[in-house]
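Good morning, and thank you for coming.

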Amino acid sequence: MTFPPGLISLLSRTLRRGSVQAGKLVALTGAGVSQESGLRTFRDAQTGLWAKHKPEDLASPQAFQRDPKLVWDWYAWRREAIKGARPNAGHYALVELESKIPQFTLITQNVDGLHRMAGARNLLELHGNIQRARCSDCGTYAETWDEDSESVPRCEECDGLLRPDVVWFGESLPRDQLEKAVEASRACDIFLSVGTSGVVQPAASLAHAAKNNGAVVVEVNMEPTPLTPKVDFFFQGKSGEVLPALVKAILDH
Ligand code: BV8
Ligand code: ZN
């Protein structure tokens, strides 16, 4: 895969090059990055029992209110699917980039925990993490719970129903994570949008915040998205192939 020389020299300037002031890079990832770890993207059709449900109809406080067991079981099914998943070359390429760029922020919409598993450090999980659960009444985090129980596990503190520690549609994002994400996006020199359909707000607004503040925006995706017409560079392809090639081109520069 070849990249425009202008992009490579720009990207290589963000690396630690002696005392030269390194640039700031932000990477935003979506479900497409996890797809090559065998995980279905959010838009992919669901299978089996879940085929008749749209994710947006299950990932909401209203759905949990209406049928907590159905929603809890959907997340238990997704945790089961994630159990065998391992980070792929795309996750590791971002970790390598982070190790070379002093000011690197990874913002993910994914709730599968694969970036953390790959070794990402400066990571903002905008939509939470499916491996964590908290009480839907008092907010106490639960470290463990009986995954096989016939009913939705309950909080040890107040006996409230546990819920996955993710951000549902109609819920606000964790303030500190969102504030840090907006600040990093506004201040960065390069914004990398990878494997996201750019539909879900407010995450989808981060690339525009970067662009409006003078950043060069690079998109890697299997297909064009609503962001594509606004980016400076668009690479159509699998993130697990494009990202390692991009990192190699920068480090060989
Ligand atoms: C909120 C956790 C304030 C749960 C998720 C404007 C402002 C604020 C809110 C809104 C707004 N407009 C609309 C809203 C409401 C809503 C929203 O955005 N709706 C959409 C549908 C229009 N937003 C919210 O409700 C947010 N809350 O803003 O609070 C508020 C409060 C009250 C009322 C209003 C506002 C909360 C949003 C968070 C929802 N939670 N996840 C769970 O996972 O169960 S979002 C969920 O969907 C995922 O986390 C992910 O972020 C998102 C799916 O997006 P992607 O990651 O992009 O995945 P997708 O499948 O869409 O695309 C994958 C892409 O990868 C594709 O383009 C594909 O081509 C590509 N691809 C596939 N394979 C590969 C690949 N690319 C490269 N390589 C490959 N191998
Ligand atoms: Zn509780």
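What you see is a predicted model, and every value I quote is computed from it.

With that cut-off in mind, let us turn to ligand 1. A nitrogen atom of ligand 1 lies 2.9 Å from a backbone N or O atom of Ser 239. On its own, ligand 1 has 1500 Å² of accessible area, and the protein covers 77% of that.

Which residues come nearest to ligand 1? Of the 35 residues around it, they are Tyr 75, Arg 78, Gly 170, Glu 171 and Ser 197. Sorted by class, the shell contains 15 polar, 14 nonpolar and six charged residues. Two helices, α2 (31-35) and α5 (68-83), each contribute at least two residues to that shell.

I now move to the domains. The protein is divided into domain 1, covering 5-39 + 86-127 + 172-251, and domain 2, covering 48-84 + 134-166. Each of these domains gives at least three residues to the shell around ligand 1. The centres of domain 1 and domain 2, taken over C-alpha atoms, are 29 Å apart. Five residues from domain 1 and seven residues from domain 2 make up the contact. Between them the two domains bury about 460 Å², with 60% of it on carbon and sulfur atoms. On the side of domain 1, Leu 39, Arg 86 and Val 111 lose the most area to domain 2, together 64% of what that side buries.

Finally, the backbone. Most peptide bonds are trans, and most residues other than glycine have a negative phi. Two places here call for attention on that account. Pro 202 sits in the loop between β7 (190-194) and α9 (206-212). Asp 159, although not a glycine, has a positive phi of about 70°. Asp 159 is found in the loop between β5 (141-142) and β6 (162-166).

Thank you for your attention.

Note on methods. Residues are numbered from 1 along each chain as its sequence is written. Chains are lettered from A and ligands numbered from 1 in the order in which they are written. This is a predicted model: local features need pLDDT of at least 70, side-chain atom pairs count only at pLDDT 80 or more; totals for chains, interfaces and linings use all residues. Side-chain values use heavy atoms; hydrogens and water are left out. A residue is near a molecule or strand if one of its heavy atoms lies within 4 Å of it. A polar contact is a pair of N or O atoms within 3.5 Å; within protein, one must be able to donate a hydrogen and the other to accept it, and residues adjacent in sequence count only if both atoms are side-chain atoms. Accessible areas come from the Shrake-Rupley method with a 1.4 Å probe; for residues, only the protein chains shown count as cover. Helices (H or I, at least four residues) and strands (E, at least two) are DSSP runs, numbered from the N terminus. Ala, Val, Leu, Ile, Met, Phe, Trp, Tyr, Cys and Pro count as nonpolar, Asp, Glu, Lys and Arg as charged, and the others, Gly among them, as polar. Domain bounds come from an automatic or database domain assignment. Contact means heavy atoms within 4.5 Å. Buried area is the accessible area (1.4 Å probe) that two parts lose on being put together, summed over both.
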